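Subject: Structure handover

Hello,

Please find the structure below. My notes on what was found in it follow.

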Amino acid sequence: MRGAIASLLLSALPVVVLTAQQTPPVQPTPERPTFRAEVSLVEVSAVVTGDGDRPVADLTTDDFEVLEDGVRRPIVSARFLSTTAAAAATRRPPVLPPSLAGARLDEVVTNRDLADAPAFVLLLDDLNVSAYDSHRAIRAGLGVLGAIPPDALVSVVTTSGEGGALITLGRPTATHVERVKAFRGQYLTPTPGAAGASWVDTPCSGGADSPDCLDPTRAARRAHALEAVGELFARTGSRRKVLLWFVTDMGVSPLDPERNRAAQSAGLQRLLRGDVTVYAIDPRENVAPSDGRPVYNDRRTGGRMRAGTADTQFGGRGGSTMDLNTDDMVGVPLTQVARDTGGRWIQNANNVEKLASEIVTQNLSAYVLAYESAASAVAGSHKIEVKVKRRGAKVSARRSFVVTPGDRRPAPLSPSADVITARLREVIQGGVPFGTLTLQAHAAPQFTSDGPGRVLLTVRVDDDATLDASTMDLLVLAADDTGTVAVVERFAMTRPSTGAPWEGSITLMLARGAHQLRIAASTPDGRRTGLLLHAVDMQAPADDLSLGVPTLLGEDAAGVRPTLARTFVAGHPLAYQVEIAGDTVKEGRASVRGRLIDAAGTTVREQEAGLDPAASPVHRRATGVLTTDDLAPGAYTMVVEARRPTGKGTLTHAIPLTITPALPGSRAALPTGQPVTPLPVAHGPFTRHEVRGPQVIRTERDWKAFWLALPTRQPAPDIDFSRVTLVAIVAEDGPPATPRVARVTTEPGGVVVEWTTEPMAGLPAADPVRPFVVLGLTQAEGRVRFARVPPDEDGGPRSKE
């Protein structure tokens with residue numbers, strides 16, 4: 001591999017990518033209902049708190065009671081989900097050396113650990129909050145983002161769609177903070193002579209500049225934003241879902257109140273069907289009248305409307321006018337939205353940012369209850385009441401759900417190429433990354449001066465012991481910020497050679513601007529799927545020098561290609577490519593340099609990159625290689641810099657890497673068929689681990705997670721994962737049987753673990769047992785393949801040969 005990588009310095013790299021096949025634009029598919037009609041189950045999330053509003057974490061199904069339309073229903077399961085800032089701290093991005101302050105960090109996104117993460121949407125009501133109150137809405141939004149841990153999901157949107165109309169959920173980033181800070185409320189012209197008066201709900205008699213005169217659909221548009229959030233949440237699976245709506249009132253347009261009512265009712269129904277909890281927060285400060293009356297908020301939940309003429313000389317301000325409580329004109333007041341969804345309608349809060357952050361903290365832990373429903377197939381609205389049988393405990397959950405005639409899951413279809421495509425399209429329309437397939441992605445957009453540009457997308461599917469598939473089907477969709485689909489590409493991966501990852505790249509053509517990439521993956525049988533979302537911005541070169549996103553390169557049987565690997569064995573050359581552009585590049589005065597920095601901030605390797613011949617007057621591609629011979633194992637940072645000839649204004653991109661030792665006697669050096677002696681680590685008759693069958697454990701985090709599922713309070717044994725790989729086998733469902741490893745042997749590029757099961761005599765099938773065994777392998781740094789073998793007649797294993 002050294003020779004192939006080194007040759008990159010002499011010539012430009014022809015990137016090897018997967019061949020994609022164009023598919024028609026994605027069409028909407030029937031929504032997957034929150035409840036499963038075939039087994040008559042309804043799921044409802046509930047937050048349970050005790051003293052000091054602290055979450056109660058030790059409840060079981062026996063502690064809950066669910067009434068549907070006033071009738072007690074059987075509870076099938078009660079699953080506790082919890083996300084804490086302490087646990088999230090283990091997933092924080094790597095800390096760069098101080099010398100790299102301001103460098104752009106490498107972006108490899110993943111959907112790992114997001115299956116049960118709580119989801120929050122901040123809906124900033126810029127169609128109704130006045131500009132005067134914008135600063136309080138911004139403070140509250142920043143309080144929310146500050147309380148959301150890194151392993152939760154969040155989206156920041158506005159009712160107008162300004163600054164981003166495509167609602168998606170992802171891990172909290174600096175982009176969410178920027179969107180909150182950019183919030184600006186509705187500009188409102190005050191009534192002449194009335195200090196601080198708001199014209200938000202003033203009808204057209206108030207003057208031609210009234211918002212409802214200029215936009216009579218404003219109230220309905222705000223309600224449609226609620227419906228869009230509810231539709232997004234309906235496709236996010238079983239998790240806690242919270243909408244924090246910074247809003248002054250529900251709003252009404254006297255020009256078209258009927259359409260407003262219909263939109264508001266549809267929005268509430270969609271929120272209830274998605275099991276969304278709504279916290280409506282009024283960001284306005286309290287109003288202190290000059291006549292000495294008590295402090296009060298000058299609007300009711302639906303808002304206030306002035307009906308009548310404008311100011312007159314004899315009638316005074318407003319002439320002959322009257323105030324109407326618009327609760328009588330709205331379809332759903334804010335009090336009902338909050339009450340029915342299990343949230344709160346909050347007014348007159350002086351410390352609104354603290355209150356908003358406390359709401360987030362209270363919703364980081366929740367129970368997901370599943371109960372047998374008698375009404376899941378009956379169209380209409382149905383009441384839900386969740387009770388907790390524990391003194392002092394308080395519960396917050398939705399109070400109803402809605403069934404429409406279309407809430408029926410279609411019958412399963414026979415496997416075919418069309419069925420796989422339909423399944424991928426259904427997955428890709430979700431708005432939240434998820435999956436039993438762990439995906440990683442890295443996007444490297446090229447600069448575009450005019451017209452479409454290229455973006456190199458590299459995708460990796462994590463292989464594990466339970467992934468038994470010869471191919472992997474993927475669908476990539478690119479949409480702009482309005483939701484318009486620009487590109488849809490379908491391709492497939494075939495199982496790589498032993499020890500190689502499921503990894504491939506594809507080139508997409510996208511117009512200039514911001515896009516969202518959605519990557520959906522599915523096994524051929526459809527039992528395992530995954531969705532990953534990634535933002536990419538196609539930009540023109542800025543100023544006189546611009547640096548693109550570097551791509552690391554690897555090599556396999558097909559040649560040199562992009563890779564998402566970030567861990568390399570000492571001695572492995574580190575190759576990269578990156579694009580530079582601008583006037584300095586056009587004049588031939590720019591250079592690119594790669595450096596490798598250790599954890600102490602010391603540069604241990606440095607090398608100038610080569611530039612390919614100018615294919616464009618302002619675009620050049622640089623290719624560089626850094627050696628890792630004789631480097632000590634540990635954490636490093638690879639730095640790619642674009643430099644001007646004056647040395648001023650260097651642009652930097654940082655890629656955290658890990659260098660591991662090349663262990664002597666590793667399995668790659670062993671001949672095929674060499675026996676490997678496993679080391680006993682743990683075994684027992686029961687585990688609560690959800691994954692059945694065999695699996696590989698290579699990290700301390702995964703080992704501790706497996707150990708926590710065991711019925712023991714003893715700490716997990718210390719394992720040196722730099723030298724040892726653990727293999728665990730959990731008994732599958734069915735008659736009680738003990739898993740046992742028959743033998744372990746080497747094969748080209750890896751080891752094969754042959755295992756079997758032995759029946760457990762004297763135990764009825766109904767007993768709650770799930771035996772497991774954990775063994776350690778000292779010669780399995782790469783791929784571990786499992787092969788199940790039947791027992792011999794005498795109870796011993798029988799080899800496949």
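Aspartate 69 counts as partly exposed, because its relative accessibility is 40%. In this predicted model, aspartate 69 sits in the loop that runs between strand E3 (64-68) and strand E4 (71-73). Its phi is near 55°, a positive value in a residue other than glycine. Most residues other than glycine have a negative phi.

A positive phi is also found at aspartate 275, where the value is near 55°. This residue belongs to the loop between H7 and E11. Is aspartate 275 buried or exposed? Its relative accessibility is 5%, and buried means under 20%, so aspartate 275 counts as buried.

Next, the sheet. An open sheet is formed by 5 strands, in the order E9-E8-E10-E11-E14, and the pairing is parallel. Strand E9 (153-158) and E14 are the edge strands, each pairing on one side only. From one strand to the next, the twist averages 15°. E10 and E11 run parallel and are joined by 5 bridges. Phenylalanine 246 has isoleucine 281 in E11 opposite to it.

Which strands does H3 touch as it packs on the sheet? They are E8, E9 and E10, and the direction of H3 makes about 160° with that of E10. Helix H4 (residues 174-181) packs on the sheet as well, where it touches E8 and E9; the direction of H4 makes about 25° with that of E9.

Helix H9 (residues 352-362) has these buried residues: Val352, Leu355, Ala356, Ser357, Ile359 and Val360. The cover over them includes strand E8 (119-124), strand E10 (241-246), strand E11 (277-281) and strand E14 (344-346), along with helix H3 (134-147).

Last, a pair of helices. Helix H7 (residues 257-273) packs with helix H8 (residues 334-341) at an angle of about 15°, and their axes are 10 Å apart. Angles under 35 degrees count as roughly parallel, so H7 and H8 are roughly parallel to each other. Their crossing is right-handed. On the H7 side the contact is made by Leu268, Leu271 and Leu272, and on the H8 side by Gln336, Val337, Asp340 and Thr341. Sorted by type, the residues of this contact are 4 nonpolar, 2 polar and 1 charged.

Regards

Terms used
Residues numbered from 1 in each chain as written. Predicted model: local features only at pLDDT ≥ 70, side-chain atom pairs only at ≥ 80, totals over all residues. Heavy atoms only, no water. Axes fitted to C-alpha atoms, helices over the stretch in contact; angles between N-to-C directions. Helix = DSSP H or I, 4+ residues; strand = E, 2+ residues; numbered from the N terminus. Parallel < 35°, antiparallel > 145°, perpendicular 65-115°, else oblique. Left-handed = near helix turned anticlockwise from the far one by under 90°. Contact = heavy atoms within 4.5 Å. Nonpolar A, V, L, I, M, F, W, Y, C, P; charged D, E, K, R; others polar. Buried < 20%, exposed > 50% of the residue type's maximum accessible area, 1.4 Å probe, protein only. Pairing = 2+ DSSP bridges.
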